[in-house]
Structures are given as C-alpha cells and as structure tokens.
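Me: I would like to learn how to read a structural model step by step, with the general idea stated before each case. Could we go through one together?

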Amino acid sequence: MVPLNWYIWLSAILFCTGMFGFITRRNLIIMLLSVEIMFNGVNVSLAAFSHYLQDAAGQVLVFIVIAVAAAEAAIGLALVILLFRHHETIMIDEINEMKG
Amino acid sequence: MDIYSLHPLMPEIVLALLGLCILMLELTSMKKEYIALTAMTGTLAALYFLRGSSGVLFDGMYQADGYSNYFKLIFFLNLFLSILISIKYLEVEKSSHGEFYALMVFATIGMMIMASAENMIVLYVGLELMSLSTYVLAGFLRHDSRSTESAVKYLLMGAFSTAILLYGIALSYGSTGTMDFQQIGLYINSHNLSGNPVVLLSLVLIMVSFSFKVAAAPFHMWAPDVYEGAPTPVTAFMSIGPKAAGFAVLGKVLVMVFPSLRSDWTSILIVISVLTMLTGNVMALVQTNIKRMLAYSSIAHAGYLLLGLIPGNYESFAGMMNYLFIYLFMNVGAFAVIISLRSAEFMGDEIRDYAGLAKTHPVMASLMLVFMFALAGIPPTAGFIGKFYIFSELVKSNYIWLTIAGVMFSVVSAFYYLRVVMYMYMRPPEREVVLETTPPLNLALFIAFTMIILIGVLPQAFISHAKNVFFTMYQSLL
C-alpha cells in the first residue's frame, strides 16, 4: 500500500511543474499543456484523498475536471489556430497589439 | 424526485431551454434581430420565475435564497442590457450570429449556479460554464485579431486560475473530507484546524483564484488587454457578470467555509483591496483608449467592492451587493455610449474621439457626463450612494484609515473620468462623428440613466431591499 503522503507529494510536484512551465514558457501550446499538467496534479490528489477517506465526492470531481479540461482544450486549440492565422506565430510575447 | 421539487431551479431551467432554443432558431433563416428579441423575452420569463424561487435542492448542494436571488437579479439585468447593446454592434462588425446570444445565456446560467452553489463541485461546474462561454464570447469577432488575442489571454489566465482554485478545493477536501461549504466550515471549527497550514494554504489558493476572476491586483494583468480587445458589448457583459459572480462566491466561501480563519482573510483582503484601488486608479490616469481606461476603472471598482467584504457583516455585504447593482447600470451606460459612436468606418474608442461631442451631439454627451459622474461617485448619482454605503460600513467597523484610503482613491478616479467630460465639453470637435443609435441601444441608455438617477435620489428603497433579502440568510452565521 502506497502511503497517502507520496500521492500528495506527487500531486504537489506535478502542480508546481505545470505552474513553472506556464510562467516560464512562451509557446501557447506548451502553456496550455502546462495548465493540463496542473489540472492532472490536482486530479492525483483528489483521487488519493477520495480513496483514503473512502468518500466518492473526490472521484466525482476528478471526472468532472477531466471532462471540463477537454472542453477547455478544445476552445484553447481553436483559438490558437485562429491566432496563428492572424499572426503566423504562437509565441505569446510576439503577439501584442494592445499596450498602454 | 418529482418535477415540483425542482421549483427553486426554474429560472436556470428556463434559461437553459432558452439557450437551446436560440441555437435551434439560428439554424432557420430567421432575422437576427428576432433571435435577440427571443433572447430578451426569455430572459424576462426567467426573471418572472426568479421571484418565487427559494429552497434547497440536491441534498443541500444547491440553494436558492435571498442572497443568491439578489445576485441572480444582477445577472439577469446584465444579460438583458448586454443583449440590448449587442444588436447594433454585431451588425456593424458583420458578425451577427445567434450563437452570440446563446453563449451569453449559458454564461449567465453558469453565474447563477455559482451564486447558488453550496458545494465545491457545483461551484466548479458553474464557474467553468461561465468561463468557457465568456472565452468564446471574447473571441467572437473572428476577423479581428485583437478579439482573438484577448480571448487567448483570457483563456490562459482563466484556466491557470481555475487550476489554482482546484488545488485549493483538493486541499480543503483532503483536510476535512467533505465538499459541502457548511460541513467544511463546521469541521475546521470543531477540529481546531484554523492554524493548520494546509487549511490556510487552501484559503489562500481559493482567494488568489477569485482575485484573478474579479481582476483584483496583483492578479489583474490580463484584464486591460482582454477588455480592450473583446467586442464592446462583451466587455460590458464580462466586466459585470463574472465579477459579480466572483464576489457572490467570495462572500459565501469566506463566511461559510472559513469563518474560523476570519482574521487571516481580513488581512489578505485589506492588502488586496488597497493594491487593487491603487493600480486601477493610477494606471487609468495614463490611458488614451476609453475601453482600456474603463478596464482599469473596473479594476479600481473591484477594489471598492473588496472593501465591502472586509467588515464581513451583513450590512457591509448588503453594501457590496448594492454597489454591484449600481455598477451594472453605470458601466452598461458608459459602454452603450461607446457602442453608439462605433460605425462601419469609425472605431470611436479613443478618448480624443470624444472631443467636442457636446457641440455635435449634446444629448449623448450629457448622458456620458452622467455615467462618468456616477462612476466617479459624484452626487446626486447612484455611484455616490454605492460608495457612501460601503465606506460608512467600514467606518462603523473601525477601519478608519482604509476608508480614508478609499476616499482618496475615488478622488484620484475623478481625474480620469472627468477628463472624458473635459474632452466632450471643452475641446473643439476634431472630426464629424456620426452617431448610429438604434431603438434597443436607446432603451439600454434610458434604463441605465433612469436607474442611476432614481437610485441616486431615492436610495433608501434599494438599500433596505438588499438588506432584507440578505438578512434572511446569514443571520446565524455572521
């Protein structure tokens, strides 16, 4: 039996990896991927807590998060394609029409 | 469960049916104006059902009560007025599609679910329904690269803050074993977890996430770009709706989930609100684009609203809710004027485009004057009443220096609001501005103007109403 602490550490590491990637990388697709890693880090801890507490609510939320993250990714990728058509680039710091 | 027990959910059900209906109508060759008309009629029908809806549903996961109903009233008015000001704008942009109204309706349902949520899962679902719809709305003008850019930025920051919220939810779930707001609060209280670092971290994560959502400093950097690039009616829509929904959740979560960490969240809120008022008001001073200026002004207003949360009693919450109600009309009014300047070959969103408007279009200029005075909080407009109640509650709770800071920042805000007035009344016109108003746009302007003056002159009716609806609920908790 893997102790709960390990899962919590794994989830924290995944979450921080995602956050680090989101803050440092400027490629839109990598940034979207980083957010997905953050979501999945949370999912790991939710599933672990749910198993440890013998309570289904955590796993319910995991399913909902997975479904919603898919919808979010669909919108995100559609917008990235649209942006690429306008700018021919997906580096976020090269796309800056508004300043002030 | 029979159909009658769903009664408290009727407004949401009606709106959901309306959204699906609009999507079906879009497939027919119906004129887009009629689709907008359908959307408005449906909104009014749902508003009718809101009157009697109260009760608890789904094992206490969903609760319609005075608190959530007051916010739902704000969402409905926001939806209704946003549809009114969209019709002309979408025609000018040649992007008149029925889906626009359907997305607005679905976003509103998301906000309503957020305001009624009594459970973390329901809160998350509502939040995502609202966010995903507004991301698409922000990028609705596909031919406009600025609109796409704003949608991408909104989506990235939105998804990032949602992930932070989820981590906060996971931590509070892990330390208390429940998703229910009240149960978490009771568990933290009874097991003396208020000093627990995990619980504290979960509070901080949830507050950070909602600071993103309501555009409070230092998590506001997405707002100016998003508000400037998005279609103007969408900017109006999302500078009120998601902000109000964020405050509904913040008020509920802080009071129900973390009552035993009150001293912690009060000090966090003080820091965030002062920073927010500072950034919003100072940055607005140097803007030349009026949409961007209003974006910073909406950040500043988030700061005033946060002040209403700090005392944490029902009077101060009532003041915050009133301010949102008033802010709705001033903001929609200002954006309606901006939209009326927009025509096929003229953007009309620079402040210098307003030069000499008083000479060429005196009525529109005087309306803008009223909206700017209201936003700055000058009596006898409603903006003054809203600020007055928030500040007087602060004084009653002995936050004297915070009140002084708030008043100082509103004085600063008068500079940039009155600059628009100065351009309109004291500069000669730079070019011939053609106003393109339509009956719906005029109606929105009329409603906003009347409400601002009415609340400004007769505030008592509205304030006591907000207090009454609120009193029924949190009496025992606060």
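Me: How many helices and strands does the secondary structure of chain B come to?

Reply: Bear in mind that this is a predicted model. The secondary structure of chain B comes to 19 helices and two strands. Its radius of gyration is 21 Å, close to the 23 Å that the globule rule gives for 478 residues, so chain B is as compact as a globular protein of that length. Taken along the principal axes, the C-alpha atoms of chain B fill a box of roughly 70 × 55 × 40 Å.

Me: How many helices and strands are there in chain A, and what pattern does chain A follow along the sequence?

Reply: Chain A has three helices and zero strands, and along the sequence they give the pattern α-α-α. Here the radius of gyration is 17 Å, well over the 13 Å that the globule rule gives for 100 residues, so chain A is more spread out than a compact globule. The C-alpha trace of chain A spans about 50 × 25 × 25 Å along its principal axes.

Me: Which residues have the most contacts inside the largest nonpolar core?

Reply: The general idea is that, in soluble globular proteins, nonpolar side chains tend to be buried together. In this model the largest nonpolar core has 210 residues, and those with the most contacts inside it are B:Ile85, B:Val105, B:Met114 and B:Leu324. Helix 13 of chain B, residues 314–341, gives the most to this core, with 21 residues. As for B:Val105, leaving aside residues up to four places away in sequence, it touches B:Leu15, B:Leu18, B:Gly19, B:Ile22, B:Ala39 and B:Leu79.

Me: How many residues of helix 16 of chain B are buried?

Reply: Eleven of its 15 residues are buried, which leaves helix 16 of chain B mostly covered; among them are B:Phe384, B:Tyr389 and B:Glu393. The end C-alpha atoms of this helix, residues 382–396, are 21 Å apart, in agreement with the 21 Å that its 15 residues should span at 1.5 Å a residue. B:Asn398, which follows helix 16 of chain B, has a positive phi near 70°.

Me: Is A:Gln54, which has a positive phi, buried or exposed?

Reply: A:Gln54 has a positive phi of about 55° although it is not a glycine, and its place is in the loop between helix 2 and helix 3 of chain A. With 7 other C-beta atoms within 10 Å, A:Gln54 is exposed. B:Ala215, also not a glycine, has a positive phi of about 60° and is found in the loop between helix 8 and helix 9 of chain B. B:Ala215 counts as buried, because it has 29 C-beta neighbours inside 10 Å.

Me: Which peptide bond has omega near 0°, and which has omega of about 5°?

Reply: The peptide bond from B:Ala217 to B:Pro218 is cis, with omega near 0°, and B:Pro218 has its place in the loop between helix 8 and helix 9 of chain B. A cis peptide bond with omega of about 5° joins B:Pro379 and B:Pro380, and B:Pro380 lies in the loop between helix 15 and helix 16 of chain B.

Me: How many residues does the contact take from each chain?

Reply: The contact takes 34 residues from chain A and 35 residues from chain B. On the side of chain A that touches chain B, the largest share, 17 residues, comes from helix 3 of chain A. The residues on that side of chain A divide into 25 nonpolar, six polar and three charged.

Note on methods. Residues numbered from 1 in each chain as written. Chains lettered and ligands numbered in written order. Predicted model: local features only at pLDDT ≥ 70, side-chain atom pairs only at ≥ 80, totals over all residues. Core = buried A, V, L, I, M, F, W, Y, C linked by C-beta atoms within 7 Å. Buried ≥ 20, exposed ≤ 12 C-beta atoms within 10 Å, placed from the backbone. Helix = DSSP H or I, 4+ residues; strand = E, 2+ residues; numbered from the N terminus. Contact = placed C-beta atoms within 7 Å. Nonpolar A, V, L, I, M, F, W, Y, C, P; charged D, E, K, R; others polar. Expected span 1.5 Å × (residues − 1). Rg over C-alpha atoms; globule rule 2.2 N^0.38 Å.
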